[in-house]
Amino acid sequence: MAELDEADETRLAGRRRDTLRLVTGAEKLDVVVVGAGIAGIAAAAELNEANLRVRVIERANSVGGRMTSARLGDARFDHGAQFFTARSRQFKLLIEMAESAGVVTEWTKGFDAEPDGFSRWCGVDGMADLVDFMSSGLDVQLGVSASDLRAHPARAYVVTPPLPQTMAILQESNLLPSPSLTTRLTKKITYRPTIAVLVTYTGSTAMASHGGSQTPDHEAISFVGDNFAKGVSAERSLTFHLSEPWSNDLWDASDQNIIDQTWVAFADRAGSAKLVTAAVYRWRYAGPTRRWPSATEVWGDAPVVALAGEAFKGPKVEVAFLSGQAAAKAVIERLAIAK
Ligand SMILES: Cc1cc2nc3c(=O)[nH]c(=O)nc-3n(C[C@H](O)[C@H](O)[C@H](O)COP(=O)(O)OP(=O)(O)OC[C@H]3O[C@@H](n4cnc5c(N)ncnc54)[C@H](O)[C@@H]3O)c2cc1C
């Protein structure tokens, strides 16, 4: 186990031990972070630790972004990210803290018949648990959709939604980067969609006891997660992520058609499971198709603007976390110079 010091604990979990500074309406914030996914909350925790007045605005009514869960009756589904791995020191430390607090748990050490021994982590009650844990003590305003950022005055902005949404916010705010960076970002960062199919069932499947099946080369289904076996759902429930070709081909198909085709494609792993209810969720911006070479992009000084999120360096929870931290560090440097 890696050793934690107090600075690590406060920075990583956004849990300042002193009193949270409340910002009055008239007081200008140092930084506004757009988006309460893991990148935005990681950035906010780092900025908060640097003693900056930071507020996160999030258009949804909960934190987590693409680390999220849905309900169908009493069944619960992780329907975005299914698990996360931890390779960097900083992320490992966070996961250790979250595990000690009973927030995350190891799901499995691998999905293949012979596990590779590398931990796959998940939230105890759902994938948003980790972000929820990190956001404790931070100023997070839910249900606030950013459009023109001039309505949220600050010395700096960290913007974390998927790039098309980010660029729309920046355009509205008259904060786009140089024309050449704008062109490079919009040309390079494009997204693949993923259709998620959520199914409740009776009986038992023929999947491994951990309930995860990762099949990136399968023509129809790239991942199946059994939320019951995973411990997230009290009812038997499966999350299917369709492959990129199927997600593209079926994007405009009816929900019933998608459900029927998914269940047929699952036949070899279905065992005695009988489908009871089902729903479809379409992730338009499931993940970037190419990697941007740096963890953040920063420009300007009044205000400073930094971009963060999984589009920067790779399509994973941990990468989004590291990108949020990188953006925060870049903003801290620029604001220090601007003082
Ligand atoms: C189907 C699917 C499966 C995945 N599986 C895995 C996996 O198994 N393992 C893994 O490591 N990664 C996985 N990922 C990727 C992982 O979910 C992402 O890398 C990570 O969650 C992205 O975090 P983020 O903070 O960059 O973006 P997001 O989580 O998307 O956060 C951006 C936030 O910005 C908010 N927002 C958008 N517009 C506005 C606005 N105008 N105003 C205010 N807020 C706004 C959004 O509501 C959102 O909360 C998966 C993703 C998907 C979609």
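In helix 2, residues I38, A39, G40, A42, A43, E46 and L47 meet V317, A320, F321, S323, G324, Q325, A327, A328, K329, V331 and I332 of helix 10. Sorted by class, that contact has 12 nonpolar, 4 polar and 2 charged residues. Nonpolar here takes in Ala, Val, Leu, Ile, Met, Phe, Trp, Tyr, Cys and Pro, charged takes in Asp, Glu, Lys and Arg, and polar takes the others, Gly among them. Being in contact means that two C-beta atoms, placed from the backbone, lie within 7 Å.

This is a predicted model, so to speak of local features pLDDT has to be at least 70, and side-chain atom pairs count only at pLDDT 80 or more, while totals for chains, interfaces and linings use all residues. Numbering starts from 1 along each chain, as its sequence is written.

**The chain overall**

- The protein chain has 10 helices and 15 strands; these are DSSP runs numbered from the N terminus, with helices being H or I of at least four residues and strands being E of at least two.
- Its radius of gyration is 20 Å, close to the 20 Å that the globule rule gives for 339 residues, so the chain is as compact as a globular protein of that length. The radius is taken over C-alpha atoms, and the rule is 2.2 Å times the number of residues to the power 0.38.
- Along the principal axes, the C-alpha trace spans about 65 × 45 × 35 Å.
- Buried residues come to 49% of the 339. The cut-offs are 20 or more other C-beta atoms within 10 Å for buried, 12 or fewer for exposed, and anything in between for partly exposed, with C-beta atoms placed from the backbone.
- Of the contacts with a separation of 6 or more, 71% are between residues 24 or more positions apart.

**Helix 2 against helix 10**

- Two packed helices are described by the angle between their axes and the distance between the axes.
- For helix 2 (residues 38-49) and helix 10 (residues 317-338), the axes come within 7 Å and cross at roughly 35°. Axes are lines fitted to C-alpha atoms, for helices over the stretch in contact, and angles run from 0 to 180 degrees between N-to-C directions.
- The crossing of helix 2 and helix 10 is right-handed, meaning the near helix is turned clockwise from the far one by less than a right angle, with anticlockwise being left-handed.

- An open sheet of 6 strands runs in the order 7-2-1-8-15-14, with mixed pairing. Strands pair if DSSP finds at least two bridges between them.
- Strand 7 (139-142) and strand 14 (297-299) are at the edges with a single partner strand each, so one side of each is left without a neighbour in the sheet.
- Ignoring direction, neighbouring strands of this sheet are turned by 20° against each other on average.
- Strand 1 (residues 29-34) and strand 2 (residues 54-58) run parallel, joined by 4 bridges; V34 stands opposite I57 in strand 2.
- Helix 2 packs on this sheet as well, touching strand 1, strand 2 and strand 8 (154-159), and its direction makes about 165° with that of strand 2.

- The open sheet of 5 strands has the order 10-11-12-9-13, and the pairing is antiparallel.
- Its edge strands are strand 10 (212-214) and strand 13 (274-288), each pairing on one side only.
- From one strand to the next, the twist averages 15°.
- Strand 10 and strand 11 (residues 221-226) run antiparallel and are joined by 3 bridges, with G212 having G225 in strand 11 as its bridge partner.
- Helix 9 (residues 255-265) packs on the sheet and touches strand 9 (191-202), strand 11, strand 12 (237-242) and strand 13; its direction makes about 100° with that of strand 13.

**Loop spots to look at**

- A270 sits in the loop between helix 9 and strand 13, and is buried, with 20 other C-beta atoms within 10 Å. Beyond its neighbours within four places in sequence, A270 is in contact with T205 and A206.
- A cis peptide bond joins A302 and P303, with omega about 5°; P303 is in the loop between strand 14 and strand 15 (304-307).
- N51, in the loop between helix 2 and strand 2, has a phi near 70°, positive in a residue other than glycine. N51 counts as exposed, with 12 C-beta neighbours inside 10 Å.
- N174 also has a positive phi, about 60°, although it is not a glycine. N174 lies in the loop between helix 5 (163-172) and helix 6 (179-188) and is exposed, with 9 other C-beta atoms within 10 Å.
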